[in-house]
Amino acid sequence: MSKDKKIRVRFAPSPTGHLHIGGARTALFNYLFARHHNGVFILRIEDTDRSRSTEEYIEAIIEGMKWLKLDWDEGPYRQTDRFDIYRSYIKRLLEEGKAYRCYCTSEELEQRRQESISQGKTPKYDGRCRNIREPIPDKPYAVRFKMPEEGQTVVNDMIKGIVEFDNDQLEDLIIMRSDGTPTYNFVVVVDDIDMEITHIIRGDDHLNNTPKQIHIYKAFNWEPPQFGHLPMILGADKARLSKRHGATSVMAYKDMGYLPDALVNYLVRLGWSYGDQEIFTRDELIKYFSLENIGKSAAVFNPEKLLWLNSQYIIKEDAKNLAEMVIPFLIKEGIITEGQRLDIDWLTKAVSTLKERAKTLVELANSLKYYILDYVEIDPKAKEKFLKPENIRHLSELKELLSGVLDFTAAEIEKVFHAFVEKHGLKLGAIAQPVRVAITGGTASPGLFEVLEIVGKDKVLKRLSKAIEEG
């Protein structure tokens with residue numbers, strides 16, 4: 001491959017399900033490789049499996065890519081729009097004697113497969129139609145590609161290194177079914193040729209397809225792309241990642257309140273490293289990314305690590321951006337209604353006090369309850385411990401003092417508290433904690449005076465009155 005040839009890579013998911021963690025990592029590695037080399041990143045939908053591909057899944061894949069901000073340069077191309085192109089390529093192979101019509105029925109093929117298994121042989125098409133010269137009129141047929149029967153196919157994998165395959169183990173694969181639809185291993189090659197793909201980065205579950213595809217590239221006198229096969233992602237039990245290990249759909253993580261940049265950062269670290277650095281900006285990922293730093297062994301998915309990373313991104317995120325992000329979760333959690341408007345500057349101030357305590361946007365939304373609701377539910381244990389009769393008397397007096405504060409700011413509120421404890425010879429905690437319980441419903445919160453300012457005078461007085469009445 002010419003050194004000055006522009007790098008072109010593709011992410012080519014099958015729309016038979018949502019965009020999952022493994023697919024998203026493959027997309028990310030292709031995206032970063034293209035951006036690092038100022039290349040082209042193509043999105044291609046491999047929807048030839050009509051029985052399992054749906055429009056809903058196509059839309060879900062595109063939605064997941066957009067949420068992760070993996071913007072593509074070309075596409076999305078759809079294979080179902082390209083059938084005429086595939087048929088023209090098949091016609092060329094038949095004319096050049098590199099493919100042939102196979103008239104064997106599925107029943108015959110299955111019978112021979114069972115015979116091979118019973119004889120201890122590897123089930124493989126025996127090539128009996130390979131030398132039929134003339135088409136048989138009115139008889140259905142599939143089209144098979146002629147694989148070499150001797151020698152080896154060597155894959156110089158960019159991640160795994162040299163991988164060798166014996167050609168006598170490669171059967172003449174079907175490239176067009178008897179119903180006229182082309183098959184996966186054929187159409188991906190045609191697409192790669194048409195789209196001038198230079199590098200293929202994909203999961204190592206595709207490694208066994210690689211020698212078959214290499215021979216199809218060569219049949220069209222096309223230099224095969226360079227291949228890099230990514231190790232699988234495993235669950236903590238070292239089994240292949242699946243739904244039982246937790247959510248595997250990208251959009252499920254959005255719904256759980258994860259930030260897209262946090263998920264991207266976590267996915268890139270599943271198999272790739274750059275020194276000891278854990279947290280990267282997107283620009284840093286593009287700058288540092290290389291296939292040389294991808295490990296050869298499988299990566300283990302760790303939900304706790306992802307959760308920690310998400311908390312770091314929430315801490316780093318601008319409070320106003322977080323305020324915008326959290327609104328849909330406030331609606332979903334029933335804290336505000338769909339049409340309810342919140343002052344964004346006020347919400348930003350509230351969010352800024354809580355973002356260091358929240359691991360997800362769902363947690364952040366729920367922690368905002370005591371800022372937004374008129375009344376809060378008080379934890380029974382906290383009530384029993386801190387809203388005793390003597391504390392209720394103090395709350396009554398303090399409420400009267402707070403009702404007289406005209407400039408309801410943290411600084412003015414603090415003056416009232418200090419004057420109160422000095423008058424009664426108390427420690428600040430003796431009154432601060434009962435107030436905290438009455439206002440927030442619990443015993444932990446950001447700085448109390450700031451909380452009271454953000455909750456606002458009306459709600460503070462309402463909640464103190466309620467605590468006093470119920471005490």
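## Domain 1 against domain 3

In domain 1, 7 residues are in contact (heavy atoms within 4.5 Å) with 8 residues of domain 3. The model is predicted: local features need pLDDT of at least 70, side-chain atom pairs count only at pLDDT 80 or more, and totals for chains, interfaces and linings use all residues. Residues are numbered from 1 along each chain as its sequence is written, and side-chain values use heavy atoms, without hydrogens and water.

The two domains bury about 570 Å² between them; buried area is the accessible area (1.4 Å probe) lost on putting two parts together, summed over both. Carbon and sulfur atoms carry 67% of it. On the domain 1 side, G257, L259 and L307 lose the most area to domain 3, together 64% of what that side buries.

## Domain layout

The domain assignment (automatic or from a database) gives domain 1 as 8-79 + 232-308 and domain 3 as 317-373. Their centres, taken over C-alpha atoms, are 28 Å apart.

## Aromatic rings

Rings of Phe, Tyr and Trp (its six-membered ring) pair if their centres lie within 6.5 Å; planes under 30 degrees apart are stacked, over 60 edge-to-face, the rest tilted. This rule gives 16 aromatic pairs. Y370 and Y371 form a tilted one, 4.9 Å centre to centre with 55° between the planes. F29, W272, Y274, F280, Y288 and F289 make up one aromatic cluster.

## Charges over rings

A charge sits over a ring if NZ of Lys or CZ of Arg is within 6 Å of the ring centre and within 35 degrees of the ring normal. R144 sits over Y125, 3.6 Å from the ring centre. R101 sits over Y141, at 5.4 Å.
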